[in-house]
Amino acid sequence: MLAVSKLNHYYGKAHVLRDLSLDVGTESVGVFGPNGAGKTTLVHAIVGLVRPRTGDITFDGRSLLRMPTYEVIRSGVALVPQERELFPYMSVLANLESGAAYIPAARKGVPEALQASFEMFPILKTRTRQLAGTLSGGEQRMLAIARAMMSSPKLLILDEPSLGLQPSLVTELFHKVRDIGEKSAILMAEQNVRQSLKAVSRGYVIENGAIALQGPSDELLHNDHVRRAYLGL
Amino acid sequence: MSLKGKRMGLRVWALAILVVVGVGLFVAADEGTIKLGAILPLGDITGAQASKAMQLAVAEINAAGGVLGRQLELFIVDDESKPDKGAAAVDLLATVDNVDVFIGGMSSGVHLGELPALKKYEKVTVWIGAASSLVEQAAVGLDWYFHIHPWDYLQGASYVQGWADLQTQYPLIKISKVFWAYEDGAFGTSSFQGSLVAFSNWLNSGEPFKSALLGGGDYRSVLRHAMDYDPDMFVWVGYAADALPMMEQAAEIGFTPPLFVGSPPGWPADFGTSPLAEGVISYGMWAPSIKDVSPVSQHFWDAYIAKFSEQPATYFAPLGYTNVYVVAEAIQRAGTLEKQALITALEATNYASPLGETLTFTPSKLIAHQGFRNQKILQWQDGQQQVIWPFAYATALPRYPFTGK
Amino acid sequence: MRIARYVPYLVGAAVAATFPLFSGAYLEQVAGATLIYLTLALSWDMLLRSGQLGFGTAGFFGLGSYAAVLLFLNVGVQPFVSIIFGGIVAGVVALLLGLAVLRLRGMYFAITTLALAGIFAVVLRNFPSLTGGAEGKMLPSCIFSGDTANVYWLILVVAVMTIVISEVFERTRIHVALTSIRNDERVAKSSGVNVFKYLVFVFAVTSAIQGIAGGVYAHVFGFVSPEGSFSANFLLLPLAMALLGGIHSTWGPVIGALVLGALSEYLKLQIPYGHLLVYGAIIVVVILFLPQGLSGAARAWRGRSHAARGAR
Amino acid sequence: MRLLRRLRRGQVLLLLVSLGVLVLMMLWKPYALIEGLQRGGLYALIALPMALILGVVGIINLAHGEFMMLGAYFAYWLGVYTGLDPLVAMIPALVAFALLGAATYLLTIRRALKAPELNQLLLTFGVAMVGAEFANLMWTSQPLKPHLSYVYSSMTLGKLRFGAYAFVYTVSAIVLLVLLSLFLRRTRLGRAALAVGQNPRGAKLVGIDINRTYLAIFSLSIALVGAIGAMFLTRNSVFPSAGSPYTMKSFCLIALAGIGNLPSVVWGGFGLGIAEALVLSFRGYGGWADVVFFAVLVAVILGRSYRRQTA
Amino acid sequence: MAVLRTESLERRFGGLVAVHDLTFELAENEILGIIGPNGAGKTTAINVISGLYMPTTGRIFLGEDEITYAPPHVRCHMGIGRTFQLVHPLVDLTARENIMVGALFGRNQRLRQARKTAEEIAAKLDLEGIDRSVSDLTVLEIKKLEIGRALASNPKVLFLDEVMAGLNSDETKAALDAVRRIRDQGVAICVVEHVMSVIRDLTDRVVVLDGGTIIAEGPYSKVSADPRVIAAYLGEEE
């Protein structure tokens, strides 16, 4: 569904993506690596927030490279960004509704989608009128995921969803991600390798902007390098 | 030896250059045009129309054969209503264009900045702008300086005379209590100060307001204070932008003094179309209706409209026209551009101007050459500004009292 | 080699110093006014280098004008002394106000300085016995009796002094302090920069320069008035000049002031009616197409030609 | 939680105090209250579209007042040629100025969206200059104002006699506030605008075309301020520099209210209008009215910054 | 003798308690690691100690001196140096000038002296071409620049907030060496890191923060075996 090929990008002189290629079918795929490895740049490039210097990105056979972000989103990709990027002075409900309001395909299904959101994250249902900016970090993360799901995306991209969450929530979160994976394809960038590997079926390890390793989850889980560098074992 | 030779060479060169330049100047001065340098705010309607009226006068004079057989040439520089630009304009006209006479002028503040520059060249200057007596203080002792516009205190004195005459002529009119509303800038404040001196035998009260020109436009508190004072005459000193809103707000709160006087430098073009204008008295030097009593004014009016297809809307238009004619006639009388002769000729000015009266120069309180001293008292009647005083140029009888409808 | 680097400066200085010898009064007058604006543009930029956007330029200019004129009229000191006094008053007032307002950042600082400038004008207008009220005050005679060459040299001295101060700011620890504050205030603080002290210092110095410029202007044209001395022109034109020339440097505002000063005068002579329309359009076009200003564009061009030649 | 309660209590207190002040003023200086609400209404009305642009597009539009001035000219000349009342001319003004706004956005603002704030400031300053000088060339500096008899209709309430029409500004400010709030909360475009204003990147990520939103909001704001220009004309003369003082006032008002806070723009406008009218109501102290605006501004901004620092 | 000591530091933002009851010491020549999940309060703790935030309650001592309410630049003069989590190079200054900021204002050196200091420090950190502009530097070089600026103020205590993030393994190795060399010159160092291998290889002692409070303390080997730490930081095993 999503194919990224030979992506290169620079910030100033810093080469942050080096010939990076990966693809996502209908399964859940993880992208792992340390801070600054290029994970965020990669997902930003996919949704058009960053314009890579060279390479190509196609989604359902269409190139996303020159598409403005809103068109990428409307074509069925949703991103839950690291910084969540909620609308802080809007209510939880308005934030959720905004997830579907600008996607023509999703507009009709708002009540059902809201229902699904509240089922997935019951806490949100109790806070519909609260301003998003006043939610706790964990709640904001959930809201961001729920907002992205409102558009019923074909591909959901999650950028460091466990960031800043307390451990119990992290576990819960990856359960949810696994659930979501049954409906949508998922591309998840994570530092928390140990847990997130269980939520995806396949993974890539990025170091310094290039793919260092790739393979099915359980293979990675037993890889020496991964165990040493990311699991501290 | 070699050094001396060089010096000699230099001297020869310098002499040669001097001769060439001198001859050139001499030739230019003799055969060329007579140059008038005008400084005006071209972005403002006063300056824009004054400059056009000057062009009209120059065109007329040149068409009639010029002055002393030479053509007039008019140089107009925009002062942008800024003193530094005005001063630079003086230097430009004096040193680059080499004008023979300075004319023009509008704002007092700009003129204060121009005077030091004018004093450097001491060329004959005939000025139509600047009413502030601060300017008069700065112009003391300048024998080459001719001021056509009345100073603020002269305007005041002329109204004193006017109202005295009007009260004598029409016993119905009685004035003892006056309220002055003046815009809180230099123009309004100095007018008010001058009026207090001039009208010292009346009971005066006054308050500043913020002109719409500077973002104000709400006069109601001042109008209410005036209403509380219950004056026989209410005078506001502001700008054209204040005119109609002032009338509307007076009507709104029901303030209808027997005499409602406004003295902006110009009136909005459409003021007369408002019924509120009826009976409003205005102070000024000119109104279109003067053409009915003055053939010069009639001619000016027709010629201006014919040339520019717009009506002269401010008294700076006839002033600009007057400015050029006064200078041209003086040069003609002097027969030369020589300064002293020109000053003498200007002192003998006796020009029937389109403003109605005949212009002469006489000493004022501080300066030697003051032109107009009198203002006119005008009244809006049936949408037209009519002259009601001086009686010599009156175009209509006064209507009294002001109705406020 | 090193000397060659200074040649343009020496030539520039020589031209500036001898300007009255080969120009006329008109050009001196225009150059003098341009140099006043240059002083304001440069001093405005000097504060901007700390990241603080000041809108008080016209306010301190007017304050300096009034202080100079009132001291001159009431105490009868030398004009030069009164001009310096104008600078001191503006600087001290900025220092005191700075202690309060320099905790503000960004637009809030900008708008507060603008409001303070407004307050200066209203306050001065409302004490007519001292300040002449709305009419202002007139000097009995202008400095040098209005001789444009001397006036030019006086303004040149002030402008050069400002350029020198600006260069001192650029070449000493002040440069490092201000730039670090502008780039990242937290980093600056954590590296030992006393941010508040530097901000107050720069605010006071630049305001004092603006006050001196105001004092000079008042003495050159011989009067002060609330409308004239606090005119928005003394804020907006310098700002436009600095931005057009290129901010955060000495030479950007200098170039911007010289270009715009000459351009506005040229346009006026070419297009008597409506030159300001063209002037405004030029500002729009330059901002859209040369966002870094003239000096930035020159730098970019030079950089490109360097790169083309393989240098660096 | 306790903090929240204290805040609430503070707000209630503030409301009570301001109500008390209003009642006192009604008894003591009724005219200052009435006229303050009217002039404050005009301030607020003009500031609202500027606040919209600043809140959504993030641009301080220094040409704001000039667009209002051009709107007033538009209404004036439409009146001359077709006899349309300025209040009716507001409708064609909306259309014409939406187009003018769109053109301005596409030709200038859009190209400077990513430029530093200062460049945007200078850009709109240049646009303002072009606007004002265009008007000067077209119609000279001579003020124009149509005569409208309804603008000086008055009301009598007991011993009080005051202008009724000028409340049109007060009412319009409130109506515009309500309409804008409804627009921002209830319509898809309005919500998109809010979203873009609060978080442009977040807006992109929910599929909002932010360029189109900017264009729409800029055009809408210019359309509104053009129509407000027509309403301005009913009680004021129009001339080329008629608008610029209101740019400054609007900007100050928005800074006072806090960016993005439309209701506070309106209440702040009323407050400042009343404060000014109160100062003006004292004979001989009218010259200090201008200080009110600046002093309140400085006090509020400083107060807010200190509160933030101690919080 | 502790170089730095905190007593029950607390910092609240509105209702949120970012740092709670933080008491720890930093000994001379020690490299202390602070770890914990994102949002645990690590960076807030550094900000409170370096003076960017004032503590809500609690006290901070640098050696004998209490610095609880000293402004940040004074703390820098007294000997606290730090880097920032997301690198904050001063982009309008050259690399040399970036380092000079610390020397000029932290150590109060003269311009000429500071230029030399910058050179020395750059040499120590293997940072070449120090008259380049920041935009020409690589990520590693910018990190070195951050450390260099902090070092230039001659700190007694140096806080390194995630300086290894984004470095490849060779670069990390080089950076580790550099940090050790700094310690060897008598600077106590406090590192915040995510990369466990760095913490393991570098630190003498580790403090684990979660929810703004210390949940474990001790050598890495001990801490990494602590089930609470694994639960909080590494993620719960099912």
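Which helix of chain C holds C:Gly118? I found C:Gly118 in helix α5 of chain C, residues 106-125. Helices (H or I, at least four residues) and strands (E, at least two) are DSSP runs, numbered from the N terminus.

**Conventions.** I am working on a predicted model, in which local features need pLDDT of at least 70 and side-chain atom pairs count only at pLDDT 80 or more, while totals for chains, interfaces and linings use all residues. Residues are numbered from 1 along each chain as its sequence is written, chains are lettered from A and ligands numbered from 1 in the order in which they are written, and side-chain values use heavy atoms, with hydrogens and water left out.

**C:Gly118.** I looked up its accessibility: at 14% relative accessibility, C:Gly118 counts as buried (buried is under 20% relative accessible area, exposed over 50%, partly exposed in between; 1.4 Å probe, protein chains only). I also took a distance: C:Val164 is 46 residues from C:Gly118 in sequence and 30 Å from it in space, C-alpha to C-alpha.

**B:Glu207.** I placed B:Glu207 in strand β7 of chain B, residues 203-209. B:Glu207 counts as buried because its relative accessibility is 1%. Its side chain makes a polar contact of 2.6 Å with the side chain of B:His225. A polar contact is a pair of N or O atoms within 3.5 Å; within protein, one must be able to donate a hydrogen and the other to accept it, and residues adjacent in sequence count only if both atoms are side-chain atoms. Leaving out residues up to four places away in sequence, I listed what B:Glu207 touches (heavy atoms within 4.5 Å): among them are B:Trp180, B:Tyr182 and B:Val222 from chain B, and D:Leu280, D:Phe282 and D:Arg283 from chain D.

**Sheet in chain B.** I traced an open sheet of five strands in the order β2-β1-β3-β4-β5, with parallel pairing (two strands pair if DSSP finds at least two bridges between them). β2 (72-78) and β5 (145-147) of chain B stand at the edges with a single partner strand each, so one side of each has no neighbour in the sheet. Neighbouring strands of this sheet are turned by 20 degrees against each other on average, direction ignored. Axes are lines fitted to C-alpha atoms, for helices over the stretch in contact, and angles run from 0 to 180 degrees between N-to-C directions. Strands β3 (residues 101-104) and β4 (residues 124-127) of chain B pair in the parallel sense over four bridges, and B:Val101 stands opposite B:Val124 in β4(B). Helix α4 of chain B (residues 108-121) packs on the sheet, touching β1 (34-40), β3, β4 and β5 of chain B, with its direction at about 165 degrees to that of β4(B). Helix α12 of chain B (residues 339-347) lies across β3, β4 and β5 of chain B and runs at about 30 degrees to β4(B).

**Strand β4 of chain E.** Which way do its residues point? E:Ile31, E:Gly33 and E:Ile35 point one way from β4(E), E:Leu32 and E:Ile34 the other way, and all are buried. In a regular strand the side chains alternate between the two faces of the sheet. I checked the partners of β4(E): strand β9 of chain E (residues 188-192) pairs with it in the parallel sense over four bridges, with E:Ile31 opposite E:Ile189. Strand β10 of chain E (residues 205-210) also runs parallel to β4(E), joined by four bridges, and E:Gly33 has E:Val206 as its bridge partner there.

**Chain E overall.** I noted nine helices and eleven strands in chain E. Of its 238 residues, 58% count as buried.
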